[in-house]
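Subject: Structure handover

Hello,

I am passing a structure on to you. Please open it first, then read the notes below.

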Amino acid sequence: MLTFAPNLTTLFTEASFLERFEKAKDAGFSHVEFQFPYEHKKDDIIDKLNRYDLKTVLFNLPAGDWGNGDRGLAIFPDRQEEFRQSVHKAIEYAKALQCFTLHCMAGVKQNDLDFQEALYTFKENLRYCAKEFEKHHLTVVIEPINTFDIPKYFLSNLQMAVDIIEDLALPNVKLQYDIYHMQRTQGELIASFKKYKHMIAHIQIADNPGRHEPGTGEIHFPNLFRSLIEEEYNGYIGLEYFPQGKSEDSFSWLSLKE
């Protein structure tokens with residue numbers, strides 16, 4: 001059985017963030033994810049989770065100054081203290097929200113940052129994060145993100161993510177496998193999933209082009225869902241897409257999973 005979790009950052013956006021929990025419940029979901037909870041008090045989110053009997057399955061570590069272009073802190077040698085503070089902020093929220101998987105965004109590499117230095121820093125920061133997360137039974141995931149959507153994003157291909165995870169060899173550093181990003185960067189969705197399923201702790205989906213709901217683009221989701229079931233994937237599947245219309249009207253694709 002596949003378990004889907006709407007992303008409350010990209011779905012139900014006609015409502016305020018805290019109002020989206022009720023909308024997710026009304027749409028029939030029991031799990032949710034979101035990108036960043038930190039603008040909201042933990043108790044306010046906990047209240048919504050409890051009121052609507054929802055579980056949080058994923059959110060991101062703080063990623064720096066989003067408005068000024070930050071998309072993660074983990075590759076910057078001069079921001080390691082800031083990164084460590086972000087780890088502890090994330091732990092604080094994860095414990096409160098009872099969420100056990102968090103995504104660490106790498107960052108956007110400008111030309112003046114040496115690639116090898118950025119890679120070394122990323123690995124060192126992931127080691128620190130994993131060590132601190134281990135104390136609280138948390139898993140950190142890294143996600144290859146296409147450079148069409150985020151130009152110069154450091155972790156932009158699957159093989160690089162796999163190499164990092166294999167090099168670190170830490171049990172709580174895993175892969176976040178985003179179907180939309182994988183389709184934009186390389187395709188081979190099912191073959192890659194099967195090859196690296198032992199590393200994958202979380203999946204996200206959206207169709208391409210447009211990053212809309214399944215069934216609006218070129219990805220054959222019935223085959224994909226069938227493969228996930230056959231391979232006995234038992235993690236969560238985040239719905240990180242931008243609906244073409246109202247969010248409530250974007251879930252007809254759920255019949256494709258049967």
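What follows is a short tour of the sheet, the helices around it and a few single residues.

This is a predicted model, in which local features need pLDDT of at least 70 and side-chain atom pairs count only at pLDDT 80 or more, while totals for chains, interfaces and linings use all residues. Residues are numbered from 1 along each chain as its sequence is written, and side-chain values use heavy atoms, with hydrogens and water left out.

**The sheet**

Start with the strands. Helices (H or I, at least four residues) and strands (E, at least two) are DSSP runs, numbered from the N terminus. Eight strands make an open sheet. Their order is β1-β8-β7-β6-β5-β4-β3-β2, and the pairing is parallel. Two strands pair if DSSP finds at least two bridges between them. At the edges stand β1 (3-6) and β2 (31-33). Each has a single partner strand, so one side of each is left without a neighbour in the sheet. On average, neighbouring strands are turned by 30° against each other, direction ignored. Axes here are lines fitted to C-alpha atoms, for helices over the stretch in contact, and angles run from 0 to 180 degrees between N-to-C directions.

**Strand β6 and its partners**

Look next at β6 (residues 173-178). It pairs with β7 (residues 200-205) in the parallel sense, over four bridges. In that region, L175 stands opposite I200 in β7. Strand β5 (residues 139-142) is joined to β6 by three bridges, and these two strands also run parallel. Here V140 has V173 in β6 as its bridge partner.

Is β6 enclosed or open? Five of its six residues are buried, so β6 is largely enclosed by the rest of the structure. Buried means under 20% relative accessible area, exposed over 50%, and partly exposed in between (1.4 Å probe, protein chains only).

Helix α7 (residues 189-196) lies across β6 and β7, and runs at about 165° to β6.

N172 is in the loop between α5 (158-168) and β6. It is buried, with a relative accessible area of 10%. Leaving aside residues up to four places away in sequence, N172 touches A130, F133, E134, L138, T139 and V140. Contact means heavy atoms within 4.5 Å. From N172 to S255 is 83 residues in sequence and 33 Å in space, C-alpha to C-alpha.

**Helix α3 and its neighbours**

Two packed helices are described by the angle between their axes and the distance between the axes. Take α3 (residues 80-97) and α4 (residues 115-134). They pack at about 30°, with axes 10 Å apart. The two are therefore roughly parallel to each other. Angles under 35 degrees count as roughly parallel, over 145 as roughly antiparallel, 65 to 115 as roughly perpendicular and the rest as oblique. The crossing of α3 and α4 is right-handed. A crossing is left-handed if the near helix is turned anticlockwise from the far one by less than a right angle, and right-handed if clockwise.

Which residues of α3 and α4 meet? From α3 come Q80, F83, R84, V87, H88 and I91; from α4 come T121, E124, N125, Y128, C129, E132 and F133. By class, this contact of α3 with α4 has six nonpolar, four polar and three charged residues. Ala, Val, Leu, Ile, Met, Phe, Trp, Tyr, Cys and Pro count as nonpolar, Asp, Glu, Lys and Arg as charged, and the others, Gly among them, as polar.

Helix α2 (residues 42-51) also packs with α3: their axes come within 10 Å and cross at roughly 30°. These helices are therefore roughly parallel to each other, and the crossing of α2 and α3 is right-handed. K42, I45, I46 and L49 in α2 meet E92, Y93, A96 and L97 in α3. This contact of α2 with α3 has six nonpolar, no polar and two charged residues.

Against the sheet, α3 lies across β3 (55-60) and β4 (101-103) and runs at about 170° to β3.

**Backbone details**

Three spots deserve a look.

- F12 is in the loop between β1 and α1 (20-26). Its phi is near 60°, a positive value in a residue other than glycine. F12 is buried, at 0% relative accessible area.
- Q98 is in the loop between α3 and β4. Its phi is positive too, about 55°, although Q98 is not a glycine. Q98 counts as exposed, at 58% relative accessibility.
- N208 and P209 are joined by a cis peptide bond, with omega about 5°. P209 lies in the loop between β7 and α8 (221-230).

Best regards
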